[in-house]
Amino acid sequence: MTPPYRVGDELPPLEIPVTRTLIVAGAIASRDYQDVHHDAASAREKGSPDIFMNILTTNGLVGRYITDHFGPTAVLRKVAIRLGAPNYPGDVLRLTGRITELRTAEASPGGASSADASSDEVVDAVKAIEAVVQVTGGNGIGRHVTGTVAVTLPEPSAKRAGA
């Protein structure tokens, strides 16, 4: 059984308020201690009107957007993004996406390949669908992020042997 996805399908938009807390927490969580992500005075000294979001936080939000849409069994395989306009506090990041490709992929339960299995462990490959999604995200000053995400979506009927 193939999931009900088609090339050209649009994902519903996700709007994320850009708060100081989100920017600072994302920088701390990703161990990015550059002052432009937490110290407004330092950011202004370096030519920015305020602190701004780092790329790792944006990358995480793009991943969240995809997994929120496809569900908890979706496995991100590749996330490739490019930043544009900065995300400043008080703005809203609006993510949108469109499926650009669907293909059959071989996936193992838990995301491991058969080659990763130990010699006494049998991992049966299951059929899966890999979707490629073009993602864009804008804010009040322009396009913040563009990129593509490849995500594996196990077919609902695919089951491991003995499961």
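Here is a short chat about the salt bridges in this predicted model.

Visitor: Hi! How many salt bridges are there in the whole structure?
Guide: Hello! A search of the whole structure finds six salt bridges.

Visitor: Nice. Which residue does Glu 15 meet in a salt bridge?
Guide: That would be Arg 94, and the N to O distance is 3.2 Å. Glu 15 is in strand β1 and Arg 94 is in strand β3, so this pair ties together parts that are 79 residues apart in sequence.

Visitor: And is Glu 15 buried or exposed?
Guide: Glu 15 is exposed, at 52% relative accessible area.

Visitor: OK, new topic. What does Arg 20 pair with?
Guide: Arg 20 forms a salt bridge with Asp 50, and their closest N and O atoms are 2.7 Å apart. Arg 20 belongs to helix α1, while Asp 50 sits in the loop between α2 and α3, so the pair ties together parts 30 residues apart in sequence.

Visitor: Why is Asp 50 called buried?
Guide: Because its relative accessible area is 13%, and buried means under 20%. Arg 20, on the other hand, is partly exposed, at 41%.

Visitor: What about Lys 46, where is its partner?
Guide: Lys 46 meets Asp 35 in a salt bridge, 2.7 Å from N to O. Asp 35 is in the loop between α1 and α2, and Lys 46 is in the loop between α2 and α3, eleven residues apart. Lys 46 is exposed, at 55%, whereas Asp 35 is partly exposed, at 24%.

Visitor: Last one: which residues are linked in a network?
Guide: Glu 101, Arg 103 and Glu 130 are joined in a network of salt bridges.

Note on methods: Residues are numbered from 1 along each chain as its sequence is written. This is a predicted model: local features need pLDDT of at least 70, side-chain atom pairs count only at pLDDT 80 or more; totals for chains, interfaces and linings use all residues. Side-chain values use heavy atoms; hydrogens and water are left out. A salt bridge is a side-chain nitrogen of Lys or Arg within 4 Å of a carboxyl oxygen of Asp or Glu. Helices (H or I, at least four residues) and strands (E, at least two) are DSSP runs, numbered from the N terminus. Buried means under 20% relative accessible area, exposed over 50%, partly exposed in between (1.4 Å probe, protein chains only).
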